[in-house]
Amino acid sequence: MYADRFAPYTATNIHHSKRAHVPGYRAEVVRDGVIVAKISIPDNDAAVEHEFTSVAHRFRFEQHLATLTPEFFPEKLADEETMRACFLLDLVDAVHADAQLRRMCQEHTVFRLKGDVEDHWRELDQPYSPAVARAIREEYRSGVDVIANEIFGQAKQEVGHA
């Protein structure tokens with residue numbers, strides 16, 4: 001959901017290290033199923049260390065960045081290096097947020113109302129079902145922005161007869 005805006009890039013193998021000499025995140029950047037870069041995001045620094053697996057992958061990545069509209073980044077960025085770092089950092093954050101939201105949807109019905117902060121979700125302590133979704137829509141009417149379980153296709157099937 002959040003990570004979709006970074007397509008065709010995604011991040012995989014995201015690991016958080018809490019060790020004193022290397023605190024922070026490490027991840028791989030993937031495009032079309034191929035690892036194109038390895039990144040490290042230290043906890044105590046805004047820098048994003050990155051290494052592309054080939055010159056061609058870096059060139060293709062730079063071409064992709066050049067196609068992004070100014071609205072892609074919420075703030076004006078000073079230079080290409082900052083744009084690259086922000087894209088990679090935001091990509092890892094988005095993939096991490098998607099994974100966290102998917103975990104929430106496994107046991108709860110998760111939704112947001114119009115006007116709610118974009119990355120904050122309301123949870124019902126019930127697994128998703130079409131009946132629960134109907135109840136939410138009846139209670140909040142046109143105020144429902146999205147039910148996350150439906151986006152991820154994690155709707156628990158209702159037990160019934162065929």
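Before anything else: the model is predicted. Keep that in mind throughout.

Let me start with the four-stranded sheet. It is open, and its order is β1-β2-β3-β4. The pairing is antiparallel. At the edges stand β1, residues 9-17, and β4, residues 49-52. Each of these two pairs on one side only. From one strand to the next, the twist averages 20°.

Now look inside that sheet. Strand β2 covers residues 24-31, and strand β3 covers residues 34-42. How many bridges join them? There are 8 bridges between β2 and β3, and the two strands run antiparallel.

Go back towards the start of the chain. The segment before β1 holds P8. The peptide bond joining A7 and P8 is cis. Omega there is about 10°.

Next, the helices. Helix α1 spans residues 55-67. It lies across β1, β2, β3 and β4, and runs at about 120° to β4. Helix α2 spans residues 80-107. Helix α2 also lies across β1, β2, β3 and β4, running at about 75° to β1.

How do the two helices meet? The axes of α1 and α2 come within 11 Å, and they cross at roughly 95°. So α1 is roughly perpendicular to α2. On the α1 side, the contact is made by R58, F61, E62, H64 and L65. On the α2 side, E80, M83, R84, F87 and L88 make it. By class, the contact residues divide into 5 nonpolar, 1 polar and 4 charged.

On to the other sheet. Here 3 strands form an open sheet, in the order β6-β5-β7. The pairing is antiparallel. β6 is 122-124 and β7 is 144-147; both stand at the edges. Each has a single partner strand, so one side of each is left without a neighbour in the sheet. The twist averages 30° from one strand to the next.

Which residue in β6 is the bridge partner of T109? L124 is that partner.

Last topic: pockets. The largest pocket has a volume of about 370 Å³. Its lining counts 14 residues. Which of them lie nearest the centre? They are Y2, D93, A94, A97 and D119. By class, the lining of this largest pocket has 7 nonpolar, 2 polar and 5 charged residues.

The second largest pocket holds about 170 Å³ of space. Its lining is made of L65, L68, T69, P70, F73, E75, K76, L77 and M83. By class, that is 6 nonpolar, 1 polar and 2 charged residues.

Here is a link back to the helices. L65 and M83 both line the second largest pocket. L65 of α1 and M83 of α2 are also among the residues of the helix contact.

To recap. The sheet β1-β2-β3-β4 is open and antiparallel. Helix α1 lies across its strands, and so does helix α2. The sheet β6-β5-β7 is open and antiparallel too. That is the tour.

Terms used: Residues numbered from 1 in each chain as written. Predicted model: local features only at pLDDT ≥ 70, side-chain atom pairs only at ≥ 80, totals over all residues. Heavy atoms only, no water. Pairing = 2+ DSSP bridges. Axes fitted to C-alpha atoms, helices over the stretch in contact; angles between N-to-C directions. 1 Å grid on protein atoms, 1.4 Å probe; cavity = no way out; pocket = protein on both sides within 12 Å on 5 of 7 lines; lining within 4 Å. Points joined across faces, edges and corners; volume = space filled by probe spheres on them. Nonpolar A, V, L, I, M, F, W, Y, C, P; charged D, E, K, R; others polar. Contact = heavy atoms within 4.5 Å. Parallel < 35°, antiparallel > 145°, perpendicular 65-115°, else oblique.
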